[in-house]
Amino acid sequence: MPRLVVVSNRVADPRKTAAGGLAVALGEALASSGGLWFGWSGHVVAAGDGSDAAPKLHRAGPVTLATLDLPQADHDAYYLGYANGVLWPVFHNRLDLAELDRSDLDGYRRVNRLFAQRLAALLRPDDLVWIHDYHLIPLATELRALGCQQRMGFFLHIPLPPPLVMAAIPQHEWLMRSLFAYDLIGFQSETDVAHFARYVHNEARAEQRENDVFEAFGRSVRARAVPIGIDVDEFQRLGQGREAQDMLATLHRQYAQRQLLVGVDRLDYSKGLPQRLRAFRRLLQDHPENRGKAVLVQVAAPSREGVTAYADLRAELESLSGAINSEYGELDWMPVRYMHRAVARMRLPGLYRAARVALVTPLRDGMNLVAKEYVAAQDPVDPGVLVLSRFAGAAEQMRDALLVNPYDTQAVAEATQRALNMPLDERQARHALLLAGIREFDVHWWHRHFIDNLSDASA
Ligand code: ADQ
């Protein structure tokens, strides 16, 4: 069996339960073949201060973790600048927030080249190399330039925008050409695959073979939807744990007379948080029977605080939740509990299970794993209802959620009202179908399916 090499911006120790489903799943994939996980250490250093050193190697069970420190200037340009100031907003259709600064591009290329140089020295000829996400699009090109012939796959965790949005990035051709250095590209949804196909047909006159093989720039690449899932069993076991059970009991006690709604996100403008709060305000306005009763618990984990757009969003959410509470709140009832922090992973299933409704309403999302975790955490006998944005990749698979347009305040308020009042038999039927779907296409299916396709891809 060839060795698996995973490359991502950050590396997590798969033995730590706090690492979450993705790290555990990748760790499992790596462990089965004895593997290497390569990426940034999370440390920035002064220029020339060790960043030119070989990667540090650590053993984590059968997996070797190889990490690099990055010089401050490179990290700022690569991570904050190009990856999160250009690619993230454009790929989420937010051209208004993109900072198209050319010096950041240089840093992005430099870090990808540095990754390639350090990784190439560790590769064996028959390795399978699996590269993750928008931080590392040109990595295969850089590795090929160093003579690496291994099979290489790329998985994009975020959406691929339509060609005319992609074309707003001055380097769009270079980025798309870079993808052809891979043997396999995995996308989250069929919509992303369609955007890719349309781009390469229109802009690169690609020839298409066997449905999912595209030829352009003198190379061919297979592109298909391989939607990511969660580890349903692991998440349900977590739900049986003491911390989740304590959380559930506390929430049941404190909100015995209320109906809880939950939102769990990273604080990010793609997640549609202000729109969600406005929809909740509309619910209270148009359906007054929810006053004194419905409570929205919104947890927004701090994220990318070095990027300007995120600080503005934080201020907007604090002011909006304050405004709703002062307009509708009573001495014994606050409609919104907004928290700018992460919930410990061990407690998450308890929070999900206590909530009658989950509002998962991103304006755009590659997949959205919170939608899947919420379903996994429910009691099948008395399950809650998922209100899900049609613009999340998850909507392609989770047709039995209440699908909404997150920009339409009124429609989200009405769907929430419907969710709060949904009869038990309908809740059970929808939940059973959703649970079967997330079980069939879980995280183990995702990594097996990707690796099988990559193994079959011609080198
Ligand atoms: P993210 O944008 O980070 O990931 P998402 O899939 O929603 O988004 O969440 C990832 C994980 O973070 C989940 O396990 C969730 O429980 C956890 N999480 C989020 N907010 C939290 C909070 N406040 N407290 C505690 N935990 C929290 C990117 C893409 C997604 C894609 C994933 C995986 O943007 O579309 O689903 O990668 O491919």
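Between domain 1 and domain 2 the count is 1 salt bridge, a term used here for a side-chain nitrogen of Lys or Arg within 4 Å of a carboxyl oxygen of Asp or Glu. That salt bridge joins the side chains of Arg364 and Asp192, at 3.8 Å from N to O.

Before I go on, the basis. This is a predicted model, in which local features need pLDDT of at least 70 and side-chain atom pairs count only at pLDDT 80 or more, while totals for chains, interfaces and linings use all residues. Residues are numbered from 1 along each chain as its sequence is written, and side-chain values use heavy atoms, with hydrogens and water left out.

Now the two parts. In the protein chain, domain 1 covers 4–229 + 443–456 and domain 2 covers 232–440; such bounds come from an automatic or database domain assignment. Their centres, taken over C-alpha atoms, are 30 Å apart. Domain 1 puts 28 residues into the contact and domain 2 puts in 21 residues, where contact means heavy atoms within 4.5 Å.

How much area is buried between domain 1 and domain 2? About 2000 Å², with 58% of this from carbon and sulfur atoms. Buried area is the accessible area (1.4 Å probe) that two parts lose on being put together, summed over both.

Last, the side of domain 1 that touches domain 2. By class, this side has 13 nonpolar, 11 polar and 4 charged residues. Here Ala, Val, Leu, Ile, Met, Phe, Trp, Tyr, Cys and Pro count as nonpolar, Asp, Glu, Lys and Arg as charged, and the others, Gly among them, as polar.
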